[in-house]
Number of protein chains: 2
Amino acid sequence: MAAATRAKRVDPSARITVLEAGREIGRGTCSLPYFLSGELEEKSLQARDLNDFEREGIEVRPATRATVIHPYQRKLESSAETFHYDRLIVSTGSRARCTRNLGLDPEAPGVWRLRTIADVRKIKQEIQQRPPRRVAVIGGGYVGLEAAEALCHLGIKVTLFHRDAAPARLAPTLAEELVQLFLRQGVEIQLNSDVEKIDLESGLLVARTPQGETRGQFDAFLTASGIEPETTLLKEAGASTGPSGAVKVNSRGETSLGNVYACGDGVEVPNPRGGVGRWVPLATTAARLGRVCGENAAGGSRRLGAIHGALAVRLFSKELGMVGLPQDWADCRPIEVEWGGKGYPFPSRGPGRCLLFEDRRTGRFMGMQALAPQVSGLVDLASLCLEQELTVQEMQDLDCAYTPPLSALWHPFYLAARKAEKSIGGRHELY
Amino acid sequence: MAAATRAKRVDPSARITVLEAGREIGRGTCSLPYFLSGELEEKSLQARDLNDFEREGIEVRPATRATVIHPYQRKLESSAETFHYDRLIVSTGSRARCTRNLGLDPEAPGVWRLRTIADVRKIKQEIQQRPPRRVAVIGGGYVGLEAAEALCHLGIKVTLFHRDAAPARLAPTLAEELVQLFLRQGVEIQLNSDVEKIDLESGLLVARTPQGETRGQFDAFLTASGIEPETTLLKEAGASTGPSGAVKVNSRGETSLGNVYACGDGVEVPNPRGGVGRWVPLATTAARLGRVCGENAAGGSRRLGAIHGALAVRLFSKELGMVGLPQDWADCRPIEVEWGGKGYPFPSRGPGRCLLFEDRRTGRFMGMQALAPQVSGLVDLASLCLEQELTVQEMQDLDCAYTPPLSALWHPFYLAARKAEKSIGGRHELY
């Protein structure tokens, strides 16, 4: 919808048709956990509805599935009619990974997920009809964590199962702190637990762990164990995909097919520094690339800026933030700093902990993870440090705001930069 | 104390003596409003006391006033003895401007200020002994605003008098919003009101306004109408000062006198882009330059990074943030954006408002003012945008974190950048 709106603004005379396989448009996916928890009402999820778009001259066809692209004839077949296009923008998004693997019927009672507004309506209805005592969340990525928080807010006893040793690919210290944070709220996180079998009839869940097997009894199962790019439409038309399996586009949003653009979670974004593209399925990526596609498809000229995967999630009293792309961290040295421990009277100041990833060879700053009362500002600042290719040591020269109720005199990045300098056999001890 | 500590760390064999005219060291000036409000205890104001420094091998002499520097003989006279030095670091700070002008005796009951821990002790004692009904705060810079907030927290009725048309040099819309914010807490801000006379006996305050005169009756008067650099010691020794009246140093912290360094609120910091130095009397500036002086004086080699005047203040439910130096804004176009208005269920998201200052000629980003629930992150990010010499339009490519409870999909800087692009006759309308 960002692409369609942008295209219409750039060329008001353009005839724009949106085909949507489902019934919802602009479904505000990021807001779903907060619709589930009751913090957001359903009407606030969709900034604009079908009529708003129609009024702007954008024709929307819900329940119409695009089936085949004929790029040479500029023709698009759909479940309704066949369309001719000058420019085509494909935004087929992603699909859930786990539900399929476990063989669960997404329509069955007790099988929950957080992909659409309808998914949340179903969960809320089931909770109202037969309040569940215990729910299993499967997947400890940030969506799984958000889902567990939301269910906990509703007073439901939650156990989260995660395949890997750390939720959300966190470094060990942050992972441990996150597990404790959840435990204090009564949410148990089972790590290294690969869910193998769910029996809906009996409510039995069986997970494989390094120690063997673990079993649990649950009233419902929320699956959030990752997504994969939904690329069938474009791949069948011959569009190139990248190593991640997502469709490749250049910085103008163009696929390898003439006059076909792509955006959304099905797409890899180009790496402005060269090298392979990156699959960064976030709302911010989708919105920014969507605007670029819309503008260019309508005759404008715009390029996508760098994507660093900036991400923040609220989890109970803390916020989890990440930036940088984990595939870049393999050869990095993590530098950890803590601030605002016990006794700090101002809750926004701490306690907090962050890790900066430093390229061992060049000293370049490559990414950050943080768990603190407020992380958005840290994430955004770190994102610009990445964009500007600073070294970790250069980050000690950031000029940051200080006032006792809000921040510390020495910014966490300053502390990390000093630590990096010191341990590299640089100058001296941290003051 | 930052300089002394750093010097000792760099050269543990150095003999370091600190002369302090008063009785307090490392007085935690920024924390004083929160000691006043009762949010901080006195013991948390001084991170380290005299004994801590002595233990590190730093000799501290309180109540010893440095009186004359003889730079050619490397000799320093003081109220006690005369010292010979290899390197001298001067950090004489600033002095209050207003108290003197109004001829008030700072020791008199009902005459308050927020410069030292002793000042706050005096206020707290007077409040306890004879709780004041009405207090006038004179000066609407950020210290005056913090003081008014602190007194309001204590249940005291406060009127703030400010000489200029806007508190803290804010742009008109922000100034108006700030005045309303204070008014909702019962604090009246009288703008364009230059306090001319205070009669302690009767409690009468007379201020000149464009409409003539305004009078009020108060039980106490807290003066916070600005500071000026305290440079007597260095100036008398022949050190150069800049247009601001503060002492000039280079990026190594060196004054024009051989072997004499200077830091703190009495000093202008160099402008790394060339041009005149800037007087930016903030704790962050002082701490960073202090470390540079300490390191260099002890034989190290370090340069001060750029200072952009990043600043944040908590004011009731909002935070006020600023970055960039107002003298640079004269020829700038302010670009204003608002976000998260009524109906947003997440309080950290809004409502907020910020102004970005854009150089009319070059499009360069020159500074920001913001009033929002959380501003530190915005200020720090804006500070790095200044450092990297971005244009306002380039700020639309920042990759920022988004999650509904914490932030908006489109970052405020994105909205401002789009607005700048559009109004410059650039591309198209804001999506």
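This briefing describes a sheet in chain A, a helix that lies across the sheet, and a packed pair of helices. The model is predicted. Chain A contains an open sheet of 5 strands with parallel pairing. Elsewhere in the account, helix 1 and helix 9 of chain A pack at an angle of about 35°.

**The sheet**
- The strands of the open sheet in chain A follow the order 8-15-9-10-11.
- Strand 8 (111-113) and strand 11 (188-190) of chain A each have a single partner strand, so one side of each is left without a neighbour in the sheet.
- From one strand to the next, the twist averages 25°.
- Strand 8 of chain A runs parallel to strand 15 (residues 220-223) of chain A, and 3 bridges join the two.
- A:R113 has A:T223, in strand 15 of chain A, as its bridge partner.

**The helix across the sheet**
- Helix 6 (residues 142-153) of chain A lies across strand 8, strand 9 (134-138), strand 10 (157-161), strand 11 and strand 15 of chain A.
- Relative to strand 10 of chain A, helix 6 of chain A runs at about 170°.

**The helix pair**
- The axes of helix 1 (residues 2-10) and helix 9 (residues 283-297) of chain A are 7 Å apart.
- Helix 1 of chain A passes helix 9 of chain A in a right-handed crossing.
- Helix 1 of chain A contributes A:A2, A:A3, A:R6, A:A7 and A:V10 to the contact, while helix 9 of chain A contributes A:A287, A:G290, A:R291, A:G294 and A:E295.

Note on methods: Residues numbered from 1 in each chain as written. Chains lettered and ligands numbered in written order. Predicted model: local features only at pLDDT ≥ 70, side-chain atom pairs only at ≥ 80, totals over all residues. Heavy atoms only, no water. Pairing = 2+ DSSP bridges. Helix = DSSP H or I, 4+ residues; strand = E, 2+ residues; numbered from the N terminus. Axes fitted to C-alpha atoms, helices over the stretch in contact; angles between N-to-C directions. Contact = heavy atoms within 4.5 Å. Left-handed = near helix turned anticlockwise from the far one by under 90°.
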